[in-house]
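User: Hi! Could you walk me through the charged pairs and the strands of this protein?

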Amino acid sequence: MYSTSFPDSEDEEVETGIAHQRMEQENFMFHPNPVSATLHVQCTEKLNYELRNIAGSLVGSGVLFVGKSVVSVSHLNSGLYILIIRDEHSNVKTHRLVVE
């Protein structure tokens, strides 16, 4: 079981039963957002990504290597997308991405 502390609960821990795995914020950055053609990504470890539309359909995927990478989104229609980042330990981080 994993426990989560809520700041308003006077340090009382609540058992949630849900495993929360966090990815370090510093290991992944991207810009611009909104994006029109090319998303620039910088990461400090090898990461896998999925790009999904708001209906949940997979519209892109790949590997991001250490350093700077680019992801082309020029083939996508304008709208809101979900960028899912997964590290080698299966930790997941999601980001909203607006394509213009």
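Analyst: Happy to! A salt bridge is a side-chain nitrogen of Lys or Arg within 4 Å of a carboxyl oxygen of Asp or Glu. This is a predicted model, where local features need pLDDT of at least 70, side-chain atom pairs count only at pLDDT 80 or more, and totals for chains, interfaces and linings use all residues. Residues are numbered from 1 along each chain as its sequence is written, and side-chain values use heavy atoms, with hydrogens and water left out.

User: Which residues are linked in a network of salt bridges?

Analyst: Searching the whole structure turns up two salt bridges. In one, arginine 52 meets glutamate 50, with the closest N and O atoms 3.0 Å apart. In the other, arginine 86 pairs with glutamate 50 at 3.8 Å, N to O. The network therefore links Glu50, Arg52 and Arg86.

User: Is arginine 86 buried, exposed or partly exposed?

Analyst: Buried means under 20% relative accessible area, exposed over 50%, and partly exposed in between (1.4 Å probe, protein chains only). Arginine 86 has 30% relative accessibility, so arginine 86 counts as partly exposed.

User: In which order do the four strands form the open sheet?

Analyst: Strands here are DSSP runs (E, at least two residues), numbered from the N terminus, and two strands pair if DSSP finds at least two bridges between them. Strand 5 (residues 47-53) and strand 8 (residues 79-86) are joined by six bridges and run antiparallel. Strand 6 (58-64) and strand 9 (92-99) stand at the edges, each with a single partner strand. The order is 6-5-8-9.
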